[in-house]
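Hello,

Here is the structure I promised to pass on to you. Have a look at it first, and then read on for what turned up in it.

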Amino acid sequence: MKKVIGLALLVSNLVFSNLVFANDEVESPDPEFVRDTYEYCLNIQDPEAIDKKTLLACVNSEMDYYEYAKFTSVEKIIEYIASVVDEEEM
């Protein structure tokens with residue numbers, strides 16, 4: 001009987017630990033949301049002096065707010081957006 005209870009506790013512990021780790025994973029954002037956010041952040045800057053660092057910070061602040069994965073560069077944002085445009089054209 002003690003072995004059955006011990007085994008049940010072990011299995012339940014394993015299940016709950018997997019649930020906790022699953023909640024810590026960050027989702028990838030919808031590419032259209034990223035495109036809209038990028039365009040918004042681009043539009044609030046001076047068109048004659050686009051600062052990539054500020055643009056990246058603006059996009060990543062939105063990603064952080066909605067608990068999405070952040071981007072490491074503006075180029076990565078553009079690549080991510082382009083993947084959606086390529087799919088829509090097909």
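**The nonpolar core**

The largest nonpolar core is made up of twelve residues: Val34, Tyr38, Cys41, Leu55, Leu56, Cys58, Val59, Met63, Phe71, Val74, Ile77 and Ile81. Helices α2, α3 and α4 are the elements that give two or more residues to this core. The most comes from α3, with five residues. Please keep in mind throughout that this is a predicted model.

**The overall layout**

Now for the wider picture. The protein chain has four helices and zero strands, and along the sequence the pattern reads α-α-α-α. The chain has 90 residues, of which 21% count as buried. If we take the contacts between residues at least 6 apart in sequence, 54% of them join residues at least 24 apart.

**Helix α2 and its buried side**

Helix α2 runs over residues 31-43, which makes 13 residues. From its first C-alpha to its last it reaches 18 Å, close to the 18 Å expected at 1.5 Å a residue. Its buried residues are Pro31, Val34, Thr37, Tyr38 and Cys41. How wide an arc do they cover around the axis? They cover only 120°, which puts them on the same side of α2.

Thr37 deserves a stop of its own. This residue sits in helix α2 and counts as buried because its relative accessibility is 6%, under the 20% cut-off. Its side chain reaches the backbone oxygen of Phe33 at 2.8 Å. Apart from neighbours within four places in sequence, Thr37 is in contact with Val59, Glu62 and Met63. Thr37 and Met63 are 26 residues apart in sequence, yet their C-alpha atoms are 8.9 Å apart in space.

Next, please find Gln45, in the loop between α2 and α3 (52-65). Is Gln45 buried or exposed? Gln45 is buried, with a relative accessible area of 12%. A polar atom of its side chain lies 2.8 Å from the backbone nitrogen of Asp51. Not counting residues up to four places away in sequence, Gln45 touches Ile50, Asp51, Thr54 and Leu55. Leu55 is also among the residues of the largest nonpolar core.

Then there is Asn60, which is found in helix α3. Asn60 counts as buried at 12% relative accessibility. Which backbone atom does the side chain of Asn60 reach? It is the backbone nitrogen of Phe71, at 2.8 Å. With neighbours within four places in sequence set aside, Asn60 is in contact with Lys70 and Phe71. Phe71, like Leu55, is listed in the largest nonpolar core.

**The aromatic rings**

A search of the whole structure finds four aromatic pairs. One of them joins Phe33 and Tyr66, with the rings edge-to-face, 5.3 Å centre to centre and 85° between the planes. Phe33 lies in helix α2 and Tyr66 in the loop between α3 and α4 (74-89), so this pair ties together parts that are 33 residues apart in sequence. Phe33 counts as partly exposed, at 24% relative accessibility, and Tyr66 is also partly exposed, at 44%.

Tyr65 and Tyr66 form another edge-to-face pair, 4.9 Å centre to centre with 85° between the planes. Tyr65 is exposed, with a relative accessible area of 63%. Which residues do the ring pairs link into a cluster? They are Phe33, Tyr65, Tyr66 and Tyr68.

Note on methods: Residues numbered from 1 in each chain as written. Predicted model: local features only at pLDDT ≥ 70, side-chain atom pairs only at ≥ 80, totals over all residues. Heavy atoms only, no water. Expected span 1.5 Å × (residues − 1). Buried < 20%, exposed > 50% of the residue type's maximum accessible area, 1.4 Å probe, protein only. Arc of directions from axis to C-beta. Polar contact = N/O pair within 3.5 Å; in protein donor to acceptor, adjacent residues only side chain to side chain. Contact = heavy atoms within 4.5 Å. Phe/Tyr/Trp six-rings, centres within 6.5 Å; stacked < 30°, edge-to-face > 60°. Core = buried A, V, L, I, M, F, W, Y, C linked by side-chain atoms within 4.5 Å.
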